[in-house]
Amino acid sequence: MFHMYVPSGFTVMSTLFPILFSLTFLLIFGMIIFAIVRGVRQWNNNNKQPVLIVDALVVTKRTEVSHRHRSNDYYASSSTNYYVTFEVESGDRMEFNVSGNDYGVLAEKDFGRLKFQGTRYLGFERISRQN
């Protein structure tokens with residue numbers, strides 16, 4: 001008759017937990033590496049693009065607010081991303097992530113010269129405001 005030696009204190013969880021912990025760690029680490037690689041690739045792609053200055057109209061503005069809470073020490077924070085959509089002469093629309101200062105001075109129906117490089121917003125010089 002075959003008898004298998006089982007050490008005292010052996011449970012399925014004592015074997016399964018290290019495997020699940022390792023897989024979770026690898027998944028999170030992989031997601032972080034993927035985000036970094038994607039960001040570097042976008043940055044590099046933008047650097048290869050020419051700087052363009054085109055006539056454009058501010059079509060719309062929006063914000064995106066993120067909240068983070070930690071209940072253990074009552075820590076809370078938030079951050080806001082600002083986006084502006086421009087329409088160029090061809091009718092194409094482009095949305096750019098802009099600084100809070102640029103967001104504050106731009107208004108819908110502003111017409112002017114949009115400066116950008118790939119997906120990177122470089123500035124907007126207002127010429128007039130459309131009615």
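The charged end of Arg-62 sits over the ring of Tyr-83, 4.2 Å from the ring centre. Lys-61 likewise lies over the face of Tyr-103, at 4.2 Å from the centre of that ring. A charge sits over a ring if NZ of Lys or CZ of Arg is within 6 Å of the ring centre and within 35 degrees of the ring normal.

This is a predicted model, in which local features need pLDDT of at least 70, side-chain atom pairs count only at pLDDT 80 or more, and totals for chains, interfaces and linings use all residues. Residues are numbered from 1 along each chain as its sequence is written, and side-chain values use heavy atoms, with hydrogens and water left out.

**Confidence**

The predictor's confidence in each residue, from 0 to 100, is its pLDDT. The chain averages a pLDDT of 88, and 88% of the residues score at least 70. Confidence is lowest in helix α1 (residues 12-48), with a mean of 88, and highest in β3, at 97. Helices (H or I, at least four residues) and strands (E, at least two) are DSSP runs, numbered from the N terminus.

**Strands**

Two strands pair if DSSP finds at least two bridges between them. β1 and β4 run antiparallel and are joined by seven bridges; in β4, Phe-111 is the bridge partner of Leu-57. β4 also pairs with β5 in the antiparallel sense, over eight bridges, and Gly-112 stands opposite Arg-126 in β5. The hairpin of β4 and β5 has two residues between the strands, and Gly-118 takes a positive phi near 65 degrees there.

**Core and aromatic rings**

A nonpolar core is a set of buried Ala, Val, Leu, Ile, Met, Phe, Trp, Tyr and Cys residues joined through side-chain atoms within 4.5 Å. The largest such core has 13 residues, of which Val-84, Phe-86, Phe-96, Leu-106, Leu-114, Tyr-121 and Phe-124 touch the most other members. Two or more residues come from each of β1 (51-70), β2 (75-88), β3 (93-98), β4 (110-117) and β5 (120-129). The largest share, three residues, comes from β2. Contact means heavy atoms within 4.5 Å. Beyond four places in sequence, Phe-124 touches residues including Ala-56, Val-58, Phe-86, Leu-106 and Leu-114.

Phe-86, Phe-96, Phe-116, Tyr-121 and Phe-124 form one aromatic cluster. Rings of Phe, Tyr and Trp (its six-membered ring) pair if their centres lie within 6.5 Å; planes under 30 degrees apart count as stacked, over 60 as edge-to-face and the rest as tilted. A search of the whole structure finds eight aromatic pairs. One of them is the tilted pair of Tyr-82 and Tyr-103, 4.9 Å centre to centre with 45 degrees between the planes. This pair links distant parts of the chain, with Tyr-82 in strand β2 and Tyr-103 in helix α2 (residues 100-105), 21 residues apart.

**Accessibility**

Buried means under 20% relative accessible area, exposed over 50%, and partly exposed in between (1.4 Å probe, protein chains only).

| Residue | Relative accessibility | Class |
|---|---|---|
| Tyr-82 | 24% | partly exposed |
| Tyr-103 | 17% | buried |
| Ile-53 | 47% | partly exposed |
| Thr-85 | 12% | buried |

Ile-53 is found in strand β1. Leaving aside neighbours within four places in sequence, Ile-53 is in contact with Arg-113, Leu-114 and Lys-115. Ile-53 and Leu-114 are 61 residues apart in sequence and 5.4 Å apart in space, C-alpha to C-alpha. Thr-85 is in strand β2, and residues up to four places away aside, Thr-85 touches Leu-57, Val-58, Val-59, Thr-60, Arg-93, Met-94 and Glu-95.
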